[in-house]
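I set out to record what I looked up in this structure, entry by entry. The notes begin with the overall fold and then turn to individual elements.

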Amino acid sequence: MEFSFDKYFVRQMEIKDLKNIVSNAKNPEIANNNTVVKKYNTLSKAKKYIQKMQEKEENKEGYELVIEGTGSAFGGVLSLHHIDYTKGTGYIGYWLTRDNWGKGIISRAIIHLLPFAFNYLGLKKLYAKTLVTNLRSQKVLERVGFKAVGKGGKSPEEYYFYELNR
Ligand SMILES: CC(C)(COP(=O)(O)OP(=O)(O)OC[C@H]1O[C@@H](n2cnc3c(N)ncnc32)[C@H](O)[C@@H]1OP(=O)(O)O)[C@@H](O)C(=O)NCCC(=O)NCCS
């Protein structure tokens, strides 16, 4: 799965992304806000993660996509995961390298992913969650049309849960 928007190219994550995944997983500004990437803070953990996600993409079970800027510069990750074709649902997650915040990249990448999720894969509903403290991510979700539907997690104030219907 790959697509382009403006000067950005979005493609499947590959082994060549290992070092970028690990260095960003160690950055607290990213890791403290994204519960997925922080697990991949060593080369061996990140390698297993990339290989697992490549298998999932082959089976249309999940998509872990790298956003590249000019000169193939690694810019971040957008994922569509936990796809359930019976229920017609999937979850999105994302993070950008720190130098790429504030440029509208992730909002535009999500908007380009939506036709793939809804029209090509045939999903009916997408879910997302953000820490209640993660105002940037809440703005992103609201900008692309997600609605907050509740709060919860380990504490009642941990996450906002968001949904977007086709
Ligand atoms: C969450 C995260 C991806 C949001 O990144 P971001 O750059 O703020 O989000 P966007 O790409 O939508 O950029 C929006 C900003 O770019 C600006 N912008 C510039 N050009 C734009 C364009 N063409 N379209 C939309 N916005 C644009 C907007 O004004 C907006 O700024 P504002 O938030 O001050 O209003 C980023 O903060 C991040 O990686 N955080 C750490 C990991 C994380 O939190 N992941 C999500 C877990 S739920």
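The entries below follow the order in which I consulted the model.

**Conventions.** I worked from a predicted model, in which local features need pLDDT of at least 70 and side-chain atom pairs count only at pLDDT 80 or more, while totals for chains, interfaces and linings use all residues. I number residues from 1 along each chain as its sequence is written.

**Overall fold.** I listed five helices and eight strands, taking helices (H or I, at least four residues) and strands (E, at least two) as DSSP runs numbered from the N terminus. Along the sequence I read the pattern β-β-α-α-α-β-β-β-α-β-α-β-β. The C-alpha trace spans about 35 × 35 × 30 Å along its principal axes. I then checked the radius of gyration, which is taken over C-alpha atoms, against the globule rule of 2.2 Å times the number of residues to the power 0.38. The protein has 15 Å, which agrees with the value near 15 Å for a compact globule of 166 residues.

I noted that buried residues make up 30% of the 166 residues. I call a residue buried if 20 or more other C-beta atoms lie within 10 Å of its own, exposed if 12 or fewer, and partly exposed in between, with C-beta atoms placed from the backbone. Contacts require C-beta atoms, placed from the backbone, within 7 Å. Among contacts between residues at least 6 apart in sequence, 53% join residues at least 24 apart.

I found β1 (residues 3–5) and β2 (residues 8–12) running antiparallel and joined by three bridges; strands pair if DSSP finds at least two bridges between them. F3 stands opposite V10 in β2. Two residues lie between the strands of this hairpin, where D6 takes a positive phi near 45 degrees. I also saw β2 pair with β3 in the antiparallel sense over four bridges, with R11 partnered by V66 in β3.

**E64.** I located E64 in strand β3 (residues 63–68). Is E64 buried or exposed? E64 is buried, because 23 other C-beta atoms lie within 10 Å. Leaving aside neighbours within four places in sequence, I found E64 in contact with M13, M53, V77 and S79. The C-alpha atoms of E64 and G93 are separated by 9.1 Å, although the two residues are 29 apart along the chain.

**Helix α5.** I identified S137, V140 and L141 as the buried residues of α5. They cover an arc of only 95 degrees around the axis, so they sit on the same side of α5; the arc is that of the directions from the helix axis to the C-beta atoms. The buried residues of α5 pack against α4, β6 (125–131) and β8 (159–165). The face turned away from this buried side carries the exposed residues L135, R136 and K139.

**G145.** After α5 I came to G145, whose phi is positive, near 110 degrees. G145 is found in the loop between α5 and β7 (147–152). I classed G145 as partly exposed, because 13 other C-beta atoms lie within 10 Å.

**Ligand shell.** Which residues come nearest to the ligand? Of the 20 residues around the ligand, I found N33, W95, G104, I106 and S107 nearest; a residue is near if its C-beta atom, placed from the backbone, lies within 6 Å. β5 (89–96), α4 (105–120) and α5 (135–143) each supply at least two residues of the shell.

Definitions and conventions:
Contact = placed C-beta atoms within 7 Å.
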